[in-house]
Amino acid sequence: MDKKRFVLSGYFGFKNFGDEAILSVLVNKLKELNQSITVISSNPEYTKSKFKHIRSIYTFNLRDILGAIIKSDYLISGGGSLLQDVTSFKSLIYYLLIIFLGLLLGKKVIIFAQGIGPINNKFGQFLTRLLLKHCTYVSVRDEKSLKLLESWGVHADLVCDPVFSTKIESAAKTNTVAVQLRDFKTMNEDFIDRLAQKVSTEFSDKTVEIYSFQDDIDLKICEAFEKSLNLLNPDIKTVLYSNLTDEQIISGISKAEYLIAMRFHAIIVGLISSTKILAVDYDVKVQKIAAEFGLPIIDLKNDFGNKFDELKAAHIEVLNCLVKNKAFDWSGFLKAIKE
């Protein structure tokens, strides 16, 4: 195909593993097609250091963003959960503003593998519906988002999350339990202590590897969990990892025998690396993926029940069969950018 200019809008540059992994998949695909790429990032220098031969501009430099979109052929918004107001109404308005600018300037706008909602604000719902109806191509990563858009009269393709296409080298499992936690408005000391007590009881013979995916959000919670674990069982071996690259996170989790994870993309890495997983429910997207793959799930408030027994009894062969069906479908996207 002819070389075109693409502007990519998403939660990029914040060193959040999931969003950076999605960006890697998208950038690599566009590079494979020999396209010109500009990424809107909160940390343009970091983004440019990750990928060769791309441009990057600051998230809140409206003049540079306008200039990039004016020169572009396509604006891509996504993936991830950009169009929701649970994080904040302001973040929803920001990503809708970028989409609006693309449409206003006559560019082809693509919504890429997003999870839409929850959007509780009625005005936010109205704006999202109005703008998505004018996009060139829309793809979503779950059935609930698809049904929501169908109810709005917006046509969309259902695809899996792009991170499912990440290639992981086969590695022998080690005697480890990976634990990935993050801060959240309902996160509390009681949950941390109860989880530490259960991990100490169930996995006292294993090394507990604790992963901070995004240090400004995760690290304090991970440190509190490690402290609680060590107070309960001074003999248990723990390792706390922070400030890791995407590759280091994937490599570490892929070697773990068990994974206890809050973040959606931590769960995906566990799935594609044949790890037994216990999901921690803090968001609807975690509920969705746990239900889809039949994963045991706990929440931040209630008793764990028999979920650790379910974790240990998980059938990896069954999970592997489900994961094999998760090949990312590029066909709709490729058709949209070749028109």
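The report below covers the model, aromatic pairs, charges over rings, nonpolar cores and cysteines.

## Basis

This is a predicted model, in which local features need pLDDT of at least 70 and side-chain atom pairs count only at pLDDT 80 or more, while totals for chains, interfaces and linings use all residues. Residues are numbered from 1 along each chain as its sequence is written, and side-chain values use heavy atoms, with hydrogens and water left out.

## Aromatic pairs

Rings of Phe, Tyr and Trp (its six-membered ring) pair if their centres lie within 6.5 Å; planes under 30 degrees apart count as stacked, over 60 as edge-to-face and the rest as tilted. The count by this rule is 19 aromatic pairs. One of them is the stacked pair of Phe112 and Trp330, at 5.7 Å centre to centre with 25° between the planes. Phe112 belongs to strand 5 (residues 108-114) and Trp330 to the loop between helix 13 (316-324) and helix 14 (331-338), so this pair ties together parts 218 residues apart in sequence. Helices (H or I, at least four residues) and strands (E, at least two) are DSSP runs, numbered from the N terminus. Phe112 is buried, at 1% relative accessible area, and Trp330 is buried at 14%. Buried means under 20% relative accessible area, exposed over 50%, and partly exposed in between (1.4 Å probe, protein chains only).

Phe191 and Phe304 make an edge-to-face pair, 6.0 Å centre to centre and 85° between the planes. Phe191 is in helix 7 (residues 189-202) and Phe304 in the loop between strand 13 (297-299) and helix 12 (307-312), so parts 113 residues apart in sequence are tied together. Both residues, Phe191 and Phe304, are buried. Together with Phe203, Tyr258 and Phe308, Phe191 and Phe304 form one aromatic cluster.

## Charges over rings

A charge sits over a ring if NZ of Lys or CZ of Arg is within 6 Å of the ring centre and within 35 degrees of the ring normal. The charged end of Arg129 sits over the Trp152 ring, 5.8 Å from its centre. That of Lys326 sits over the Phe164 ring, 5.7 Å from its centre.

## Nonpolar cores

A nonpolar core is a set of buried Ala, Val, Leu, Ile, Met, Phe, Trp, Tyr and Cys residues joined through side-chain atoms within 4.5 Å. The largest has 87 residues, of which Leu8, Leu195, Phe225, Leu271 and Phe333 touch the most other members. Helix 1 (residues 17-32) gives the largest share of this core, eight residues.

## Cysteines

The whole structure has zero disulfides (pairs of cysteine sulfur atoms within 2.5 Å). For Cys160, the nearest cysteine sulfur is that of Cys321, 16 Å away. Cys160 is buried at 7% relative accessibility, and Cys222 is buried at 0%.
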